[in-house]
Amino acid sequence: MPEALDLQQAERKAFTLAFQDGLLDLALGLELVALVLAPLLERTRPLADWWIALLSLPILVALAAGKRLLTTPRLGRVRFLPARKVRMQAVATILGIIVLGGLLVGMAWFWLGQGHLPEWVGEMLSPTILWAAISLFSFSLAAHTLGLPRLYLYGAMYALVHPAQALLRTRPDLGALPLVPSLISAAVMLAIGGLLLTRFLRAYPPLAGEDLYGHG
Amino acid sequence: MATDKDRAYYPQAEIDAVIHSPARLKVMMYLYVVESTDFVYLVRLTGLTPGNLSSHLGKLEEAGYVAIEKEFKGKKPLTMVRLSAQGREAFRAYKESMQQILADLPD
């Protein structure tokens, strides 16, 4: 009986059920591949920094389509109590601030390149340290809020991608070697996502019709 | 809702017989922690079969504990289930009763 009435656990289960499809893991893994590939493509194609956006867009579209076509028909829909919604909005706001902060840092770096900022600011704003800090903080926040501990690991994996990109840009003699840790990380995420998706599809076959409850 | 027989077993508190069944308790518990869900999500959460869940929801609806609302998502009909105010209150009272009974049990 005490287990049956653990309401916090029940609410957590109701919430995390929606993340058992592995689609988020697959999207994060593919996004990491995109982050690794973008600098390589920048070398050979004229689109420069647009590559990351071009590679990310289909991933986001596929994630949304997967949720709509695979997850919802098998799992159904849920609306959470205001307390959970407020928490999610707070996290979205914090993540928005982080992204905005990242953009500001990017602009600061641009100005620094133009010689408009003192040198010590440049040392403070080391892109590798900032990228790692932002990755670890945002993934940890998401892991805590969503109740998905594997996101802590993903945060660490994302934190490593910037040093790899920097090495790739500055040390062409190393070839593709700096990419290996990030590609392994991406492979781990894709494997976890694939496993979760397979399990999800087996565990939750589509029910006969979305609106099964024959009232009214 | 408690019968005289129930009261003899549980003298300290009233036990709501509508909620006091494992399957309906599960349904009430999950509906208590969300605003509303559709039928499919509730099947997944509770692990009950659609037929079984439908039967239990019927009993809970009859008692006035759940409200079934028909909506449309685009052109598709969607049935959302939620606890009524009465159901929410009944579940809270049930939880308190059970805690009271368990607390009163001798070691």
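Student: What share of the 216 residues in chain A is buried?

Tutor: A residue is buried if 20 or more other C-beta atoms, placed from the backbone, lie within 10 Å of its own, exposed if 12 or fewer, and partly exposed in between. In chain A, 22% of the 216 residues are buried; in chain B, buried residues make up 34% of 107. This is a predicted model, in which local features need pLDDT of at least 70 and side-chain atom pairs count only at pLDDT 80 or more, while totals for chains, interfaces and linings use all residues. Residues are numbered from 1 along each chain as its sequence is written, and chains are lettered from A and ligands numbered from 1 in the order in which they are written.

Student: How many residues does each chain bring to the contact between chain A and chain B?

Tutor: Two residues are in contact if their C-beta atoms, placed from the backbone, lie within 7 Å. Chain A contributes 24 residues and chain B contributes 27 residues. On the side of chain A that touches chain B, the elements giving two or more residues are α1 (7-16) and β1 (78-80) of chain A. Of these, α1(A) gives the most, with five residues. By class, this side of chain A has 15 nonpolar, three polar and six charged residues. Here Ala, Val, Leu, Ile, Met, Phe, Trp, Tyr, Cys and Pro count as nonpolar, Asp, Glu, Lys and Arg as charged, and the others, Gly among them, as polar.

Student: In which order do the four strands of the open sheet stand?

Tutor: Strands of a sheet pair through backbone hydrogen bonds, either parallel or antiparallel. Two strands pair if DSSP finds at least two bridges between them. In this model the order is β1(A)-β1(B)-β3(B)-β2(B), and the pairing is antiparallel. β1 of chain A and β2 (66-73) of chain B stand at the edges, each with a single partner strand, so one side of each is left without a neighbour in the sheet. From one strand to the next, the twist averages 20 degrees.

Student: How many bridges join β1(A) to β1 of chain B?

Tutor: Three bridges join β1(A) to β1 (residues 34-38) of chain B, and A:Phe80 has B:Val34 as its bridge partner in β1(B). Two bridges join β1(B) to strand β3 (residues 76-83) of chain B, where B:Thr37 stands opposite B:Val81.

Student: At what angle do α2 and α3 of chain B pack?

Tutor: Axes are lines fitted to C-alpha atoms, for helices over the stretch in contact, and angles run from 0 to 180 degrees between N-to-C directions. Helix α2 (residues 22-33) and helix α3 (residues 39-46) of chain B pack at about 120 degrees, with their axes 10 Å apart. Angles under 35 degrees count as roughly parallel, over 145 as roughly antiparallel, 65 to 115 as roughly perpendicular and the rest as oblique. The two helices, α2(B) and α3(B), are therefore oblique to each other.

Student: Which residues of α2(B) and α3(B) meet?

Tutor: B:Lys26, B:Val27 and B:Tyr30 of α2(B) meet B:Leu42, B:Leu45 and B:Thr46 of α3(B). The residues of this contact divide into four nonpolar, one polar and one charged.
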